[in-house]
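The following note concerns the charged side chains of the structure shown below. Please read its points in order, with the structure in view.

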Amino acid sequence: LLVAMALMAISIFTRYLSETESQVSGVVLVDARFDRARGLMERLYALGPVRRVKCLLGEHDLMVETLCASTRKWGDVIKEIARSPGLAAHQVLLLTRVEGDRGVPDNQKGNSAKKRGAWRGFTPTREEKSMPVRIASFVKVENGATTHVLAAMRALPEAVRVLSITGEYDIIVEFEAETPEALNEVLVKRVEAIPGILDIRSHFITAEWEK
């Protein structure tokens with residue numbers, strides 16, 4: 001009986017640790033209802049576990065990165081995101097590893113929600129016109145090719161952030177260049193030539209908030 005009680009106590013303690021100390025990161029791709037992207041971005045950014053929100057131009061409207069202290073808390077924030085007014089649809093991806101991150105300069109992030117890029121329809125200043133162009137590419141790869149593709153992506157100078165994920169996509173890569181033409185050159189001549197890639201869908205990042 002004592003042994004059984006001890007084993008039960010160990011099981012409960014282990015479960016407690018797993019639910020309270022194991023950090024879980026995830027990415028949520030969000031489709032917003034018509035003309036609701038900005039308000040939705042602001043609402044999601046205000047959630048405590050949300051670390052980054054990017055406004056996208058493409059198949060999806062927002063890319064939300066979360067960091068939670070446990071799987072239970074991660075599930076709670078995913079439910080809260082799903083209930084957000086203005087959200088039309090969402091996809092949840094588990095972030096397994098940050099393979100490379102050259103980061104956003106410190107003066108471009110913070111709790112004040114400093115923005116990188118601009119909202120659609122915003123007229124940039126002279127300084128903002130010279131800012132680099134950034135895209136987020138969602139990549140599907142063949143079975144067994146993930147390691148090779150990740151290494152090839154990390155080797156590209158224009159790849160400023162590389163995430164390994166699980167879900168509909170296998171990798172998320174953020175590319176940055178001085179012009180859209182330069183980014184197109186990277187995608188067409190170098191990224192699409194990497195063996196093992198099944199599909200790649202790219203979105204312009206029009207605004208980025210990071211805590």
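**Note on the salt bridges**

1. The count comes to 19 salt bridges, a salt bridge being a side-chain nitrogen of Lys or Arg within 4 Å of a carboxyl oxygen of Asp or Glu. Side chains of opposite charge can pair when their charged atoms come close.

2. This is a predicted model, in which local features need pLDDT of at least 70 and side-chain atom pairs count only at pLDDT 80 or more, whereas totals for chains, interfaces and linings use all residues. Residues are numbered from 1 along each chain as its sequence is written, and side-chain values use heavy atoms, with hydrogens and water left out.

3. Glu42 and Arg38 form a salt bridge (3.5 Å, N to O). They are 4 residues apart in helix α2 (residues 37-45), and so about one helical turn separates them. Helices (H or I, at least four residues) and strands (E, at least two) are DSSP runs, numbered from the N terminus.

4. A salt bridge also joins the side chains of Glu174 and Lys54 (3.3 Å, N to O). Because Glu174 lies in strand β7 (residues 171-177) and Lys54 in strand β2 (residues 50-57), the pair ties together parts that are 120 residues apart in sequence. Both Glu174 and Lys54 are buried, where buried means under 20% relative accessible area, exposed over 50%, and partly exposed in between (1.4 Å probe, protein chains only).

5. In the salt bridge of Glu99 with Arg154, the closest N and O atoms are 3.0 Å apart. Glu99 belongs to strand β4 (residues 87-101) and Arg154 to helix α5 (residues 146-154), so this pair ties together parts 55 residues apart in sequence.
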